[in-house]
Structure formats: C-alpha cells, structure tokens
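Visitor: I have a structure open and would like to go through it with you. Could we take it piece by piece?

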Amino acid sequence: MGISGYVPFFNNASTVLDAVDSLRCQCPALDEVFAIDDGSTDQSAVILESAGVRVLRQPANLGRGAARRLAMDVSLHDFVLCCDATNKLPADFAARTLPWFQDRNIAAVVGLITDPNPQGLVSRWRARNLFKAGVPRIASKGASFITFGTMVRSSAVEAVGGYNDTLRHSEDAELGSRLAAAGFDVLGDPSLQVYCNIRNSLPQVLERYWRWYAGKD
C-alpha cells in the first residue's frame, strides 16, 4: 500500500519548505512527495527545487481547483496526503489516519487545524472563530471535506469525477458535496493536529473565514 503526498502553493516562499518537509519526515516514509506551483512569482519553486523537491509548475495562476486536480491526477498511489503550504503535519500523521480507511466508505480523514501559540488580537480571533479552538470534538463521520491536512482516498475522488478545475476557491467543499451524494464519508479526527505555520492579517483571516464557511454559496 503506497502513499503519495503533495503541497500546492502560490507565493509561499516563507513556509512552503516546512510544509513539504513535514511530508518528507512522515514515519513510515511516504512513497512520493511533490509540490504543485500554481503560477508563483516569488522564489517558492526555486527554494523547493534547491532542496531536492519535485515541483510541477502550472503555466499561470489557475486556482485551487486546477492545482488540486493536477496533484490528484499525477499521484501514483490510492492514498494521498495533502498539506497546505502554510501548514505542517506531525511525523505520525499519515500512519494514524490509515486505520480509519478499513471502512471502504471513508473517502478522507481530516485533521484539526490549530495555532499552538496564538499571539495578538488577530491570531486569537483566528484561533477562536476560524479554527474553532476550544470547541469540544470527537472523531466522527460527516466532517467537512477540506484538505489543509488530510489523507484522501484517490479512488473515491476519481469515482465522483475529481476536482472541478475551474474553481478558484471552495474546490474542497464542492467536491465534498459530490462525495457525500455518492455515499462516501469524510471523517474528522481532532487528535490529528495540523499546525498553522503563518500569521495572517485581519483581511486575510476574514477572507479565509468567508471561503471556509460561506464562499461556496
């Protein structure tokens, strides 16, 4: 049983190598790790390639749907570990997701994003309102399909037609709706920590809040 891992990025020079390294440091090791450059104009791709990372470059900034569709299309294995360029995963993340997939209806296992040390008003607001810090959770099906730190069953994604490559946001939510309609489950496991590795400005936090909770509609 092989596992692929990828990080999509767009102008994330300050954090993208940490995200990729958190995939390269998984134990046991992933079978392949690569990154998708969605038309960056900074040094993100150069930084990764200098560190020996395989980078697939899109010809322009085509958006989140196109980047994720490309990643899923080129992944060699049925299990695909996704990590956003501004996050990083603990080394045992992949291994701890796999037992859940004994249930063949499970299409994805989603971790819990967290800021372990929020500093300042904006970071504290983000932790409380965007990341929902402090809200009691248990591992359960019916979670939102969101791939900031998530193990995905590629065959389930393929069965419902894959990512919509025309979407510039809400690509996960739209695909999640099709997975649910096809009878697949998404499981959220709050014990699987996803560490946010960047501070956001207030406009960035509000944009993320809209995209996560309202953008699809």
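Visitor: Let us begin with strand 4. What is the bridge partner of Gly5 there?
Guide: In this predicted model, Gly5 has Leu81 of strand 4 as its bridge partner. Strand 1 and strand 4 run parallel and are joined by four bridges.

Visitor: Which way does strand 1 run relative to strand 2, parallel or antiparallel?
Guide: Strand 1 and strand 2 run parallel, with six bridges between them. One of the pairings sets Ser4 against Glu32 in strand 2.

Visitor: How many residues of strand 1 are buried?
Guide: Seven of its seven residues are buried, and strand 1 is mostly covered. In a regular strand, side chains alternate between the two faces of the sheet. For strand 1, one side carries Ile3, Gly5, Val7 and Phe9, the other carries Ser4, Tyr6 and Pro8, and both faces are covered.

Visitor: Now the aromatics. How many aromatic pairs does a search of the whole structure find?
Guide: The search gives two aromatic pairs. Tyr6 and Phe34 form a stacked one, with 6.1 Å from centre to centre and 20° between the planes. This pair links distant parts of the chain, since Tyr6 belongs to strand 1 (residues 3–9) and Phe34 to strand 2 (residues 32–37), 28 residues apart. Tyr6 and Phe34 are both buried.

Visitor: And what is the geometry of Phe79 and Phe101?
Guide: Phe79 and Phe101 are edge-to-face, at 4.9 Å centre to centre and 65° between the planes. Here too distant parts of the chain are linked: Phe79 is in strand 4, while Phe101 is in the loop between helix 4 (93–97) and strand 6, 22 residues apart. Phe79 and Phe101 are each buried.

Visitor: Back to strand 4. How many bridges join it to strand 8?
Guide: There are five bridges between strand 4 (residues 79–83) and strand 8, and the two strands run antiparallel. Cys83, for example, has Gly149 of strand 8 as its bridge partner.

Visitor: How many bridges link strand 6 and strand 8?
Guide: Three bridges pair strand 6 (residues 106–114) with strand 8 in the antiparallel sense. Within strand 8, Val152 stands opposite Ala108.

Visitor: Why is strand 8 described as largely enclosed by the rest of the structure?
Guide: Five of the five residues in strand 8 (residues 149–153) are buried, so the strand is largely enclosed by the rest of the structure. Both of its faces are covered, with Gly149, Met151 and Arg153 buried on one side and Thr150 and Val152 buried on the other.

Visitor: What about Ser154, buried or exposed?
Guide: Ser154 counts as buried because its relative accessibility is 12%, and buried means under 20%. Ser154 is found in helix 6 (residues 154–159). Leaving aside residues up to four places away in sequence, Ser154 touches Met72, His77, Asp78 and Val80.

Visitor: Changing topic to helix packing: at what angle do helix 5 and helix 8 pack?
Guide: Helix 5 (residues 120–130) and helix 8 (residues 202–213) pack at about 10°, and their axes are 10 Å apart. The two helices are therefore roughly parallel to each other.

Visitor: Which residues make the contact?
Guide: Helix 5 contributes Val122, Trp125, Arg126, Asn129 and Leu130, and helix 8 contributes Leu202, Val205, Leu206, Arg208, Tyr209, Trp212 and Tyr213. By class, this contact has nine nonpolar, one polar and two charged residues.

Visitor: What is phi for Asn11?
Guide: Asn11 has a positive phi of about 55°, although it is not a glycine. Asn11 sits in the loop between strand 1 and helix 1, and counts as partly exposed at 29% relative accessibility.

Visitor: And where is Ser170?
Guide: Ser170 is in the loop between helix 6 and helix 7 (171–181). Its phi is also positive, near 60°, in a residue other than glycine. With 9% relative accessibility, Ser170 counts as buried.

Notes
Residues numbered from 1 in each chain as written. Predicted model: local features only at pLDDT ≥ 70, side-chain atom pairs only at ≥ 80, totals over all residues. Heavy atoms only, no water. Buried < 20%, exposed > 50% of the residue type's maximum accessible area, 1.4 Å probe, protein only. Contact = heavy atoms within 4.5 Å. Pairing = 2+ DSSP bridges. Axes fitted to C-alpha atoms, helices over the stretch in contact; angles between N-to-C directions. Parallel < 35°, antiparallel > 145°, perpendicular 65-115°, else oblique. Nonpolar A, V, L, I, M, F, W, Y, C, P; charged D, E, K, R; others polar. Phe/Tyr/Trp six-rings, centres within 6.5 Å; stacked < 30°, edge-to-face > 60°.
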